[in-house]
Amino acid sequence: MSQAEVPTRKATPVSQAEVPSRRTVLRGALAAGALAAAPGAAHAAESRAPYRNPLVEQRADPHITRHTDGRYYFTASVPECDRIILRSSRTLGGLSTAAETVIWTRHTTGDMAAHIWAPELHRIGGRWYIYFAAAPADDIWKIRIWVLENPDSDPLRGSWTERGQLTTAWDTFSLDAHTFTHRGDRYLVWAQHEPGLDNNTGLFLSRMAGPLTLTGPQIRLSTPEYDWERVGFKVNEGAAVIKRNGRVFMTYSASATDANYCMGLLTADARSDLMDPASWAKSPEPVFVSSEETGQYGPGHNSFTVAEDGRTDVLVYHARPYRDITGDPLHDPNRHTRVQRFGWRPDGTPDFGVPVRS
């Protein structure tokens with residue numbers, strides 16, 4: 001059955017009462033948390049991977065953007081959670097060996113002193129912006145969204161200025177900000193804990209008045225409701241947007257950051273009002289999961305870019321080359337940045353395949 005044929009669930013405005021959690025009976029390995037790929041899928045996926053994998057070791061939550069200057073710019077979380085790095089290359093493969101520049105370092109006291117996570121680099125209005133998560137030194141789980149700005153044409157040069165916290169409707173745990181434009185409007189999607197809900201984070205959307213300010217209401221796009229979104233932690237996070245075939249596709253990641261981590265999908269018609277929760281449909285099963293056959297586990301927190309030909313779509317994500325982890329998965333450093341080409345089904349939906357083998 002194609003992605004377009006499976007039942008979907010609509011998004012919900014934040015003002016609406018929470019919909020009771022819907023427990024889905026998942027089949028076989030998925031229900032057990034094994035998330036194994038279908039036999040033979042790994043072989044079909046080899047053609048998706050003309051790139052060296054892992055692309056960059058020990059870099060999680062990767063974000064790669066190809067700028068109008070033809071260069072690829074890469075940033076990601078580092079295991080020490082203490083700095084923001086950038087790399088640049090004319091080719092995707094070149095990011096593997098490109099020099100890594102530290103463009104900002106955490107504070108030693110006060111705000112932005114801990115859990116420096118998931119930076120994203122965006123060019124808006126002739127300036128570069130980095131959205132990232134950080135917490136204060138005296139309350140390391142008080143994680144919020146912060147912004148850096150650089151007016152230089154080259155993000156590896158010039159000065160990065162701290163522009164402060166990006167304010168959302170609630171002062172609660174929030175992270176993984178991703179901005180995109182659609183039909184002349186700029187939007188921000190992010191993960192946040194909604195007061196009164198029994199989950200860790202859901203996904204929220206708002207229009208932006210500028211790169212530093214949200215405007216109007218924010219709506220809830222998704223909250224963890226299916227079994228595969230609630231393993232270890234009840235999490236929806238790390239959203240990324242790609243627009244193709246008359247639709248807006250938003251991927252996100254779910255569950256704990258071990259082998260159960262996986263990607264879900266929200267879909268809206270490109271002609272619809274993205275701020276209307278009814279415009280979004282949620283796929284009831286994950287679209288990218290761990291693969292026993294290729295030996296890659298916990299794929300997620302993705303971004304999208306294009307190949308050097310400017311047309312071929314490329315999935316950027318992190319995964320580990322092993323299932324078993326000692327201790328807290330967040331403290332395991334081996335989430336490696338990976339890239340692979342992906343295609344589109346006849347019904348116009350993305351076909352990510354399985355994580356390719358290294």
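**Close-up 1. A hairpin made by β7 and β8.** In this predicted model, strands β7 and β8 form a hairpin, with two residues between them. Glycine 125 sits in the turn and has a positive phi of about 60°. Strand β7 covers residues 114-124, and strand β8 covers residues 127-135. Seven bridges join these two strands, which run antiparallel. To find one of the pairs, look for arginine 123: its bridge partner in β8 is tryptophan 128. Is β7 mostly covered or mostly uncovered? It is mostly covered, as ten of its eleven residues are buried.

**Close-up 2. Strand β17 and its partners β16 and β18.** Start with β17 itself, which spans residues 262-269. This strand is mostly covered, with seven of its eight residues buried. Strand β16 (residues 247-254) pairs with β17 in the antiparallel sense over eight bridges. Strand β18 (residues 280-282) also pairs with β17 in the antiparallel sense, over three bridges. As background, strands of a sheet pair through backbone hydrogen bonds, and the pairing may be parallel or antiparallel.

**Close-up 3. An open sheet of three strands.** Which order do the strands of this sheet follow? The order is β19-β20-β21, and the pairing is antiparallel. The edge strands are β19 (297-306) and β21 (336-341), each of which pairs on one side only. From one strand to the next, the twist averages 30°. Six bridges join β20 (residues 313-320) to β21. Within this pairing, the bridge partner of leucine 315 is glutamine 340 in β21. When you trace a strand in the view, remember that in a regular strand the side chains alternate between the two faces of the sheet.

**Close-up 4. Threonine 172 in a loop.** This view leaves the strands for the loop between β10 (161-165) and β11 (174-182), where threonine 172 lies. Is threonine 172 buried or exposed? Its relative accessible area is 15%, and buried means under 20%, so threonine 172 counts as buried. What does its side chain reach? The side chain of threonine 172 reaches the backbone oxygen of histidine 193 at 2.6 Å. Leaving aside neighbours within four places in sequence, threonine 172 is in contact with Ile143, Arg144, Gln192, His193 and Pro195.

Close-up 5. How many disulfides does the structure hold? The structure holds zero disulfides.

**Stepping back. The whole chain behind the close-ups.** The secondary structure of the chain comes to two helices and 23 strands. Of the 358 residues in the chain, 58% are buried. The chain exposes about 14,300 Å², and carbon and sulfur atoms supply 49% of that area. Now consider the contacts between residues at least 6 apart in sequence: 55% of these join residues at least 24 apart.

Definitions and conventions: Residues numbered from 1 in each chain as written. Predicted model: local features only at pLDDT ≥ 70, side-chain atom pairs only at ≥ 80, totals over all residues. Heavy atoms only, no water. Pairing = 2+ DSSP bridges. Helix = DSSP H or I, 4+ residues; strand = E, 2+ residues; numbered from the N terminus. Axes fitted to C-alpha atoms, helices over the stretch in contact; angles between N-to-C directions. Disulfide = S-S within 2.5 Å. Buried < 20%, exposed > 50% of the residue type's maximum accessible area, 1.4 Å probe, protein only. Polar contact = N/O pair within 3.5 Å; in protein donor to acceptor, adjacent residues only side chain to side chain. Contact = heavy atoms within 4.5 Å. Areas by Shrake-Rupley, 256 points an atom, 1.4 Å probe, with all protein chains shown as cover.
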